[in-house]
Amino acid sequence: MTAHPQSTTLQDAIWDGSIPLDIRLSPSECRVYDQADPYLIQYPRLSYLPLLLPRLHAFFSSFLIDPTVRSHEGWFSYENVPLKWHYPVGLLYDLFSGALPAQASSSDRDEHSPPRQQPSSLPWRLTLHLTDWPGDQLVQPDAEGKVLHDAFINSVKEADFLRNGTAKGIMSLSKDDSTQLWTAVQEHKRSAFDPIFQKLLYAQGAPLRHIPLKVYLPSSPSASELSVGHLRIVQSLVTPFLQGTKEQQTIGTALHALLPALFPSRRTPILAKPVLHGAVVPMSAQVESLLREAAYLDGWLYVGLVMIG
């Protein structure tokens with residue numbers, strides 16, 4: 001299937017999307033009283049924080065109290081909340097930073113156009129830790145990067161199964177294609193990623209069965225320290241068409257079915273707004289189009305919610 005010019009524009013905007021990061025070494029691990037210099041980087045929204053660890057370890061090595069710690073032992077926190085390393089950094093930012101999502105102006109009638117960015121508190125300041133791994137909250141990666149690779153591939157398999165009713169697409173990739181896919185993710189190289197991903201997205205020309213969609217709800221305030229940063233994830237089988245009809249499923253109809261208390265209307269966001277890649281998603285956006293044009297690199301649509309008022 002040939003991409004529509006509008007979708008190409010949207011895909012370009014998503015691939016070009018980035019977040020300025022201000023990464024500080026944890027004061028408890030820094031041998032300098034007034035802290036080390038921050039590591040500043042403009043980082044792709046689609047990428048993963050652990051891919052930065054070798055560079056960060058080299059940058060902060062002269063400031064470490066314990067110079068024997070290894071880069072793969074690093075983890076990140078935001079306001080004392082450990083960040084899940086297998087989430088794309090753009091999703092983490094949308095879920096935890098508290099920044100307002102971008103929204104198209106009312107005069108912009110093209111829902112596929114990239115939204116205009118709104119001011120926010122950037123750069124996003126994160127803390128790097130190389131000791132005291134929070135084992136009760138995070139699985140620890142290994143030195144060879146196999147855990148991160150396997151987490152990504154397993155997510156791709158799950159999305160593949162939902163789309164096609166089988167994971168044959170990802171399982172039947174050649175070794176070279178599988179290597180190219182993961183290398184393209186690591187290097188954020190779209191020209192190498194797209195040919196492989198298209199094989200998965202349009203596998204065997206089979207009709208799309210379900211949309212790989214996860215919705216993230218903000219946590220409720222709690223006195224428990226362990227609940228800080230907790231996210232409730234809502235997931236169900238979402239079909240591209242409304243059941244028993246030929247009417248396209250929209251993000252509005254899907255959210256109304258999944259979370260009717262938060263989305264009593266299919267067409268108008270009353271209590272909450274869906275956010276994808278840092279932008280408010282129109283309730284009329286078709287979920288199949290979103291999947292084709294705006295999925296994350298593992299083939300999933302990760303939708304956060306922003307409460308209104």
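Let's start with a word we'll need: a residue counts as buried when its relative accessible area is under 20%, as exposed when over 50%, and as partly exposed in between, using a 1.4 Å probe and protein chains only. What you're looking at is a predicted model, where local features need pLDDT of at least 70, side-chain atom pairs count only at pLDDT 80 or more, and totals for chains, interfaces and linings use all residues. Residues are numbered from 1 along each chain as its sequence is written, and side-chain values use heavy atoms, with hydrogens and water left out.

Now find strand β6, residues 213-217; strands (E, at least two residues) are DSSP runs, numbered from the N terminus. In a regular strand the side chains alternate between the two faces of the sheet. Here, Leu213, Val215 and Leu217 sit on one side of β6 and Lys214 and Tyr216 on the other, and all are buried. With five of its five residues buried, β6 is largely enclosed by the rest of the structure.

Who are its neighbours? Strands pair if DSSP finds at least two bridges between them. β6 runs parallel to β10 (residues 301-307), with four bridges, and antiparallel to β7 (residues 232-234), with three. Tyr216 faces Gly304 in β10 and has Ile233 as its bridge partner in β7, while Leu217 is opposite Arg232 in β7.

Step back, and five strands make an open sheet of mixed pairing, in the order β7-β6-β10-β8-β9. β7 and β9 (279-280) are at the edges with a single partner strand each, so one side of each has no neighbour in the sheet.
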